[in-house]
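User: Can you walk me through this model? Keep it brisk.
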Amino acid sequence: MGIGVGDYDGDLEPDVFVTNFSDDYFTLYHGVGRGFFVDVTQRANLGLATKPMLGWGCGFADFDNDGSPELFAVNGHVYPQVDRFDMGTEYRQRNQLFERHDDAFHELEGAAGPGFDLKTSSRGAAVGDVDGDGDLDLLIGNIDESPTLLRNDGQTGHWLRVRLIGGGANRDALGARVVARVGDRTQLRLVGAGSSFLSSSESILHFGLGDATQVDELEVTWPDGEVETFPDLAAGQVLTIER
């Protein structure tokens, strides 16, 4: 139904999150290198929480800027008629936000703000810093209703945002790979186009830094394979790097 690509554990291997129809849990695939993935849904505690839902847009995003991406999924059934029967699901559903602790994801049900308490039949979802305050917001498209803009007003850590400008015809630097090293932790971000479900998030790459006030090293691998490194980048800025 929907797909998100990110690196939730900082091992610099892309992971994949896929939403599915109701009565089938959303699937988390852990990248193990060389193009291989392992289904870690049950180990990551995502099976029971997602099985009643019918999911669409989804992805990885560090909403609290602690350096560890959260998972989100926006949900809604395709058949309004399901509300007439006791089927363990419903047409309008709440959207879901999961935070990772102790190698498992835990749903922040009732603790993610009033925007995640709403029930709609959602489809697309795009992530970006709408108000320019250094944390990520979420825009959700809904069937037969106005879209929902969830503004992030939580307490957050430091951050760095990176805008890449590619060379030649690929001005959006699609296919670039960026690694941020902060102390002994690493974060991977990939530059792509479409994401989630019928959606396209902002192209600026966002790195949550927690208590750190700088990125020790930023490594940019451009689509043609050329690698550039940038040391000691101060937090709290939008950095533009041109090929």
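Analyst: What follows covers sheets, salt bridges, aromatic pairs and a surface patch.

User: What are the ground rules here?
Analyst: This is a predicted model: local features need pLDDT of at least 70, side-chain atom pairs count only at pLDDT 80 or more, and totals for chains, interfaces and linings use all residues. Residues are numbered from 1 along each chain as its sequence is written, and side-chain values use heavy atoms, with hydrogens and water left out.

User: Sheets, then. What is the strand order in the open sheet of four strands?
Analyst: The order is S5-S6-S8-S9, with antiparallel pairing. Strands (E, at least two residues) are DSSP runs, numbered from the N terminus. Two strands pair if DSSP finds at least two bridges between them.

User: Which strands stand at the edges?
Analyst: Strand S5 (55-61) and strand S9 (104-107). Each has a single partner strand, so one side of each is left without a neighbour in the sheet. The twist averages 25 degrees from one strand to the next. Axes for that are lines fitted to C-alpha atoms, and angles run from 0 to 180 degrees between N-to-C directions.

User: How many bridges join S8 to S9?
Analyst: Four, with strand S8 (residues 96-101) antiparallel to S9. Phe 98 has Glu 107 in S9 as its bridge partner. Glu 107 also belongs to a network of salt bridges with Arg 94 and Glu 109. A salt bridge is a side-chain nitrogen of Lys or Arg within 4 Å of a carboxyl oxygen of Asp or Glu.

User: What about the open sheet of three strands, what is its order?
Analyst: S11-S12-S13, with antiparallel pairing. Strand S11 (122-128) and strand S13 (148-150) are the edge strands, each pairing on one side only. Neighbouring strands here are turned by 20 degrees against each other on average, direction ignored. Strand S12 (residues 137-142) pairs with S13 over three bridges. One of the residues involved is Ile 140, whose bridge partner in S13 is Thr 148.

User: Is Asp 103 buried or exposed?
Analyst: Exposed, at 57% relative accessibility. Arg 100 is partly exposed, at 22%. The cut-offs: buried is under 20% relative accessible area, exposed over 50%, partly exposed in between (1.4 Å probe, protein chains only).

User: Which residue does Glu 202 meet in a salt bridge?
Analyst: Arg 161, at 2.8 Å, N to O. Glu 202 lies in the loop between strand S16 (185-190) and strand S17 (205-210), and Arg 161 in strand S14, so the pair ties together parts that are 41 residues apart in sequence. Arg 161 is buried, with a relative accessible area of 4%. Glu 202 is partly exposed, at 29%.

User: And Arg 181, which residue is its partner?
Analyst: Glu 219, at 3.6 Å, N to O. Arg 181 is in strand S15 (residues 177-182) and Glu 219 in strand S18 (residues 214-221), so the pair ties together parts that are 38 residues apart in sequence. Arg 181 is partly exposed at 26% relative accessibility, and Glu 219 is partly exposed at 21%.

User: Where does Leu 160 lie?
Analyst: In strand S14 (residues 158-165). Leu 160 counts as buried, at 0% relative accessibility. The C-alpha atoms of Leu 160 and Gly 134 are separated by 8.0 Å, although these residues are 26 apart along the chain.

User: New topic. How many aromatic pairs are there?
Analyst: The search of the whole structure finds four. For Phe 63 and Phe 72, the ring centres are 6.0 Å apart and the planes at 70 degrees, so the pair is edge-to-face. Both Phe 63 and Phe 72 are buried. Rings of Phe, Tyr and Trp (its six-membered ring) pair if their centres lie within 6.5 Å; planes under 30 degrees apart count as stacked, over 60 as edge-to-face and the rest as tilted.

User: Last one. Which residues form the nonpolar patch on the surface?
Analyst: Met 1, Phe 21 and Tyr 79, with about 300 Å² of accessible area together. Phe 21 lies in the loop between strand S2 (15-19) and strand S3 (27-33). Phe 21 is partly exposed, with a relative accessible area of 36%. Patches are made of residues with over 30% relative accessible area and no salt bridge; like charges are joined within 9 Å, nonpolar side chains (Val, Leu, Ile, Met, Phe, Trp, Tyr) within 5 Å. Areas come from the Shrake-Rupley method with a 1.4 Å probe; for residues, only the protein chains shown count as cover.
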